[in-house]
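User: Please take me through the overall fold and the surface of this protein, with the cut-offs spelled out.

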Amino acid sequence: MALRYHLVSRRDLRKNAPEGAKLYYGQTRSGDRIELPELSEAISALSTASEGDVTVVLEGLLMLMRQHLVKGNIVELGDLGNFRMVAGSPGVTDEEEFHTSLFKKGHIVYTPGIGLLRFMRENIHYEKLDVIEVEDPCKLPHAI
């Protein structure tokens with residue numbers, strides 16, 4: 001199976017680009033969404049565990065991941081990789097000014113395991129889709 005992509009024609013944003021110049025950019029596209037019941041069924045077919053057993057284990061894993069991530073722990077899952085919570089804050093001039101309410105919303109960082117990265121690098125293939133013409137970016141103001 002190949003990673004599907006298409007080329008998108010967009011305005012050339014490089015310095016000294018001629019007026020109206022365009023470049024083609026490769027952009028990958030996601031395939032189908034694989035949900036928990038389908039994963040459980042597929043894992044069940046590869047093992048002696050029933051579909052219900054697999055679902056219970058995966059849901060248990062998610063519950064334990066939540067518990068450990070909010071404690072600041074790193075959850076390591078072998079070749080699959082690891083997950084950790086991170087959050088940052090704006091700077092303050094004095095330590096006394098800092099309060100935990102300054103932290104921005106936390107998010108989960110996923111780092112693939114070495115085995116998964118090696119597999120992906122060695123086995124990636126691409127399948128070209130049709131070119132899509134895109135007009136200039138949205139003119140609405142956005143936060144930076």
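This is a predicted model: local features need pLDDT of at least 70, side-chain atom pairs count only at pLDDT 80 or more; totals for chains, interfaces and linings use all residues.

Analyst: Residues are numbered from 1 along each chain as its sequence is written, and side-chain values use heavy atoms, with hydrogens and water left out.

User: Which pattern does the protein follow along the sequence?

Analyst: Helices (H or I, at least four residues) and strands (E, at least two) are DSSP runs, numbered from the N terminus. The protein has three helices and seven strands, and read along the sequence their pattern is β-β-α-α-β-β-β-α-β-β.

User: Is Glu35 buried, partly exposed or exposed?

Analyst: Glu35 lies in the loop between β2 (22–28) and α1 (36–45). Buried means under 20% relative accessible area and exposed over 50%, with partly exposed in between (1.4 Å probe, protein chains only). Because its relative accessible area is 48%, Glu35 counts as partly exposed.

User: What relative accessibility does Ile124 have?

Analyst: Ile124 is placed in the loop between α3 (114–123) and β6 (126–128). This residue counts as partly exposed, because its relative accessibility is 37%.

User: How many percent of the residues of the protein count as buried?

Analyst: The protein has 144 residues. By the under 20% cut-off, the share of them that counts as buried is 10%.
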